[in-house]
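Subject: The structure for you to look at

Hi,

Here is the structure I said I would pass on. Have a look at it first, then read my notes below.

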Amino acid sequence: MSGHGPATPMTAHKSGPLAGVAHVPGDKSISHRALILGAMAVGETRITGLLEGQDVLDTARAMRAFGAEVTQHGPGEWSVHGVGVGGFAEPDQVIDCGNSGTGVRLIMGAMATTPIAATFTGDASLNKRPMGRVTDPLALFGAQAYGRSGGRLPLTLIGANEPVPVRYTLPMPSAQVKSAVLLAGLNAPGETVVIEAEPTRDHTERMLRGFGAEIRVEDSPEGRLITLTGQPELSAQRVAVPRDPSSAAFPVCAALLVEGSDILVPGVSQNPTRNGIFVTLQEMGADLVLENPREEGGEPVADLRVRFSALEGIEVPPERAASMIDEYPILAALAATTKGKTVMRGIKELRVKESDRIDAMARGLEACGVRVEETEDSLTVHGMEAVPGGSTVQTHLDHRIAMSFLCLGMAAQAPITVDDASPIATSFPIFKALMTGLGAQITE
Ligand code: S3P
């Protein structure tokens, strides 16, 4: 829902060693997709391990507004009675996607080839974010978008009456844009093709296949070529959502920040389009072991055993950016405590996330006494022996900025306060309980 209620400042204090088992919530990307594809399938989709963060709850509400029956049966256990491809009803209310770029962009794609109109809005953060990156390709199918300047929300989308299939080369590495085009392609006749120069998270492709769509992925000189045959009948599935690697990154990095820590984070997705942070941490010298690798719900998963380690700064290869795009804030926080500097290049996309994350991290780290340098598409953090802290950081309605600075506060000399921790509920509602359960000192 738009807005997060009153701002809730939160403070992290220097903490003793973190220890124990951290069960992080279900994957946010997969949770959105399970609800949306469930709503576009025929029959009852059963989901376990769904993330019950506000972003996903907003998508569940939106799917009801488009005519699907979405029911919670127990913690993380949900069912969706779908309406079939092309079966969306016209919502009689504005669709409020709250803080979620993934929610609004995927839902716009899913409705763009059905002849109905819907108006979308979000919170102050989402209404600043660019939507032209999605509405431009959706226009090629025949959909029409009427938004604010710069293609921003609130925005009304009118789905195509007679959709045509599309061949689209992504102008930026974005799984949201790729997914919007593929979901729109579901109700277009013929083959819709998406080409991505850099591979981005592939949950939509995997799940479309699981729901019975015909989808081919090939390597070509232009990049990954994804071909979807339109107008399939999607059949309801059982979806077991693995635990979110982007959420797991917070306790993992907290254990690397706080001396003497030793924790286990079980059942975390190791999808190669998502695991860049763990590769990077190992390159920095982290004692991070992937135990018990296995497959769950169509995704590779492992238990992460992590022990505090003295880390060294590195240059993160820019071609790894897409596979760890949401983890740069926590990596930047961790980099403040390592030997030497960490250079993160090719991260321009961070400027259009829930906040401008390069700017938010740079200003926040400076406020904590850390030396940083930024360019339009890079951030360099100079590690130091002891981070002074003792400051209040602006989080700009961004859950990952809030969690990153709370983790840093656990290792800084003086406490770090974030001005508003309420957005954490969008992706990791149990963050405070989980971290304090491991031994972190966090106060409201
Ligand atoms: C997501 C894709 C990424 C990521 C976001 C989730 C998804 O966004 O940052 O948190 O579920 O497809 P972009 O597509 O904008 O890179």
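L397 counts as partly exposed because its relative accessibility is 22%; the cut-offs are under 20% relative accessible area for buried, over 50% for exposed and partly exposed in between, with a 1.4 Å probe and protein chains only. You'll find L397 in the loop between strand 22 (392–393) and helix 11 (399–409). Helices here are DSSP runs of H or I with at least four residues, strands are DSSP runs of E with at least two, and both are numbered from the N terminus. L397 is not a glycine, yet it has a positive phi of about 55 degrees.

Before going further, please keep in mind that this is a predicted model: local features need pLDDT of at least 70, side-chain atom pairs count only at pLDDT 80 or more, and totals for chains, interfaces and linings use all residues. Residues are numbered from 1 along each chain as its sequence is written, and side-chain values use heavy atoms, with hydrogens and water left out.

Back to the backbone. Most residues other than glycine have a negative phi, and most peptide bonds are trans. Q231 also has a positive phi of about 55 degrees without being a glycine. Q231 sits in the loop between strand 13 (223–229) and strand 14 (238–240), and with a relative accessible area of 47% it is partly exposed. There is a cis peptide bond too, from L153 to P154, with omega near -5 degrees. P154 is part of strand 9.

Now the whole chain. It has 12 helices and 24 strands. A compact globule of 444 residues would have a radius of gyration near 22 Å, and the chain agrees with that at 21 Å; this radius is taken over C-alpha atoms, and the globule rule is 2.2 Å times the number of residues to the power 0.38. The C-alpha trace spans about 60 × 45 × 45 Å along its principal axes. Of the 444 residues, 60% are buried.

At its start, a side-chain oxygen of S174 comes to within 3.3 Å of the backbone nitrogen of Q176. Helix 3 (residues 101–111) is mostly covered, again with 11 of 11 residues buried. The elements covering the buried residues of helix 3 include helix 1 (28–40), helix 2 (54–65), strand 9 (152–158) and helix 5.

Finally, two single residues. What does S247 touch, leaving aside its neighbours within four places in sequence? It is in contact with V24, P25, S427 and F428. S247 belongs to helix 7 (residues 245–257) and counts as buried because its relative accessibility is 1%. T342, in strand 19 (residues 341–345), is buried at 0% relative accessibility. T342 and E315 are 27 residues apart in sequence but 5.7 Å apart in space, C-alpha to C-alpha. Beyond its neighbours within four places in sequence, T342 has contacts that include M284, G313, A335 and L379.

Cheers

Methods: Polar contact = N/O pair within 3.5 Å; in protein donor to acceptor, adjacent residues only side chain to side chain. Contact = heavy atoms within 4.5 Å.
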